[in-house]
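This briefing concerns the structure shown below.

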Amino acid sequence: MAITEVGVYAHLSPADVEALGRELDTIRRDIEDQRGSRDAAYIRRTIAFQRTLEVAARLTIGVSRGRLGWILGTAALATAKSIENMELGHNVGHGQWDWMNDPEIHSGNWEWDMAGLSAQWRYAHNFRHHVYTNVLGMDDDIGFGVMRVTRDQQWRPRLLLQPLQNLFLAITFEWGIALHDLYSERDRAATTEGKHAQTAALARKIVRQAGKDYVLFPALNRRRWRRTLGANVVANLVRNLWAYVVIFCGHFPDGAEKFAPTVVEEESKAEWYLRQMLGTANFDAGPALAFLSGHLSHQIEHHLFPDLPSNRYAEIARRVRALCDKYDLPYTTGPLLRQYLLTLRTIHKLALPDRFLTATPDDAPETASERKFHDYNAFHADENSTGRWGLRSSLRAVGTARA
């Protein structure tokens with residue numbers, strides 16, 4: 001069912017895969033060589049803006065008396081929390097700014113404004129997810145352990161409730177991520193004491209986080225503490241929903257492929273690059289939407305170069321798209337709403353047993369493998385305008401043949 005040979009699925013020869021890898025290495029070197037004062041100014045400006053916005057939001061909530069002031073303050077607080085979560089916490093945690101040697105903006109020191117511990121997230125996300133992206137049984141982010149997003153996952157009766165589980169996960173996303181990361185850390189703990197230590201560390205973070213938003217700030221506005229408490233609850237809810245949408249649209253729409261564990265056996269760096277390109281998806285965004293999403297509208301570029309500065313993803317994307325054209329590979333992107341609706345379709349469809357589903361386990365919108373092309377080998381003898389007949393042309397030809 002899942003892809004077992006990445007190069008074969010992509011219709012690239014081993015030489016082509018290695019050539020693609022060298023070109024992507026060149027992009028990495030170019031950006032690393034160009035990093036400097038412009039990038040440092042960007043991240044410091046972003047931190048200053050986020051903190052100023054949060055202070056202004058909390059003051060507006062605290063001093064305003066009318067509903068409009070509360071709405072504006074709460075919206076600003078939700079925006080500030082989203083920026084801290086996506087553009088700061090997530091990207092700083094990837095080490096995108098470690099090259100600056102600034103302790104405040106170093107991946108090992110930043111603790112983000114959400115329930116989970118940054119240290120636990122870094123192992124579950126930076127290692128388990130980014131190294132083994134969409135590899136079944138190795139990437140715990142495939143469905144986050146609670147949802148079925150590929151037919152390679154066995155159907156169980158509890159999945160009939162998957163649409164409701166999805167809604168619950170969206171609302172409580174920061175708490176779901178916190179538990180997800182804790183379980184990952186506990187799995188690698190060598191002793192019972194180590195497992196307990198990880199649990200205790202998360203419990204302390206939750207107490208601090210909940211105490212700040214739901215006790216401290218309401219207490220500072222004693223006469224109208226309910227107003228402040230409500231604003232914090234709503235701001236966290238909006239931040240959770242936004243983070244959920246961004247993450248799901250980057251990993252679960254059509255075209256974000258899944259892989260069998262055998263693909264990582266003796267996997268080269270070039271093959272790893274190719275797997276990242278095939279296993280992720282972007283959504284279309286202008287500068288403001290990209291900023292609010294932590295530039296994860298460029299999920300493909302982020303997975304190729306997770307430790308390069310996020311403000312560089314737009315220029316990296318132009319070069320990656322050119323490579324997709326050169327090697328006749330799909331560049332999976334689309335409007336945000338479309339990508340999310342495709343994700344919802346997969347979540348709702350796979351709540352059902354396989355016998356109610358159409359297409360085959362090797363050739364469905366949410367699940368594909370190299371076997372989907374077995375009846376279309378004649379296409380491989382032709383070439384298109386790029387000089388190759390690659391995956392993009394093959395997908396188009398299969399779709400035309402079925403029409």
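Contact, as used here, means heavy atoms within 4.5 Å. On that basis, Ile 43 touches Leu 88, Trp 97, Met 100 and Ile 105, not counting residues up to four places away in sequence. The model is a predicted one, in which local features need pLDDT of at least 70 and side-chain atom pairs count only at pLDDT 80 or more, while totals for chains, interfaces and linings use all residues. Residues are numbered from 1 along each chain as its sequence is written, and side-chain values use heavy atoms, with hydrogens and water left out.

**Nonpolar cores**

- A nonpolar core is a set of buried Ala, Val, Leu, Ile, Met, Phe, Trp, Tyr and Cys residues joined through side-chain atoms within 4.5 Å; buried means under 20% relative accessible area, exposed over 50%, and partly exposed in between, with a 1.4 Å probe and protein chains only.
- In the largest nonpolar core, which has 50 residues, those that touch the most other members are Ile 43, Trp 97, Ile 105, Phe 173, Tyr 244 and Phe 248.
- At least two residues of this core come from each of helices H3 (37-63), H4, H6 (162-171), H7 (173-188), H9 (225-251) and H14 (336-349); helices (H or I, at least four residues) and strands (E, at least two) are DSSP runs, numbered from the N terminus.
- Helix H9 gives the most to this core, with ten residues.
- Apart from this core lies another of 38 residues, including Val 6, Leu 274, Phe 373 and Val 398.
- In soluble globular proteins, nonpolar side chains tend to be buried together.

- Helix H10 spans residues 269-279 and is mostly covered, with nine of its eleven residues buried.
- Among the buried residues of H10 are Trp 272, Tyr 273, Leu 274 and Arg 275.
- The buried residues of H10 pack against helices H1 (6-9), H2 (14-34), H5 (118-131), H12 (299-304), H13 (313-326) and H15 (391-402).

**Thr 74 in helix H4**

- Thr 74 belongs to helix H4, residues 67-93, and is buried at a relative accessible area of 5%.
- A polar atom of the Thr 74 side chain lies 2.7 Å from the backbone oxygen of Trp 70.
- Once neighbours within four places in sequence are set aside, Thr 74 is in contact with Ile 61, Ala 231, Val 234 and Ala 235.

**Salt bridges**

- The structure holds 28 salt bridges, a salt bridge being a side-chain nitrogen of Lys or Arg within 4 Å of a carboxyl oxygen of Asp or Glu.
- Glu 185 and Arg 188 form one, with the closest N and O atoms 2.9 Å apart; both residues lie in helix H7, three residues apart, about one turn of the helix.
- Within that pair, Glu 185 counts as buried at 5% relative accessibility, whereas Arg 188 is partly exposed at 48%.
- The side chains of Arg 345 and Asp 254 meet in a salt bridge at 2.4 Å, N to O.
- Because Arg 345 lies in helix H14 and Asp 254 in the loop between H9 and H10, the pair ties together parts that are 91 residues apart in sequence.
- Arg 312 and Glu 315 meet through their side chains at 3.3 Å, N to O; Arg 312 is buried, with a relative accessible area of 2%, and Glu 315 is partly exposed at 22%.
- Salt bridges that share partners join Glu 54, Arg 58, Lys 81, Asp 113, Lys 212 and Asp 213 into one network.

**Surface and span**

- Leu 241 is in helix H9 and is partly exposed, with a relative accessible area of 33%.
- Arg 226 is also found in helix H9 and counts as exposed at 63% relative accessibility.
- The C-alpha atoms of Arg 226 and His 298 are separated by 39 Å, the two residues being 72 residues apart along the chain.

**Backbone with positive phi**

- Asn 134 has a positive phi of about 60 degrees although it is not a glycine; Asn 134 lies in the loop between H5 and H6 and is buried at 2% relative accessibility.
- Glu 266, likewise not a glycine, has a positive phi of about 60 degrees; Glu 266 lies in the loop between H9 and H10 and is exposed, with a relative accessible area of 81%.

Notes:
Polar contact = N/O pair within 3.5 Å; in protein donor to acceptor, adjacent residues only side chain to side chain.
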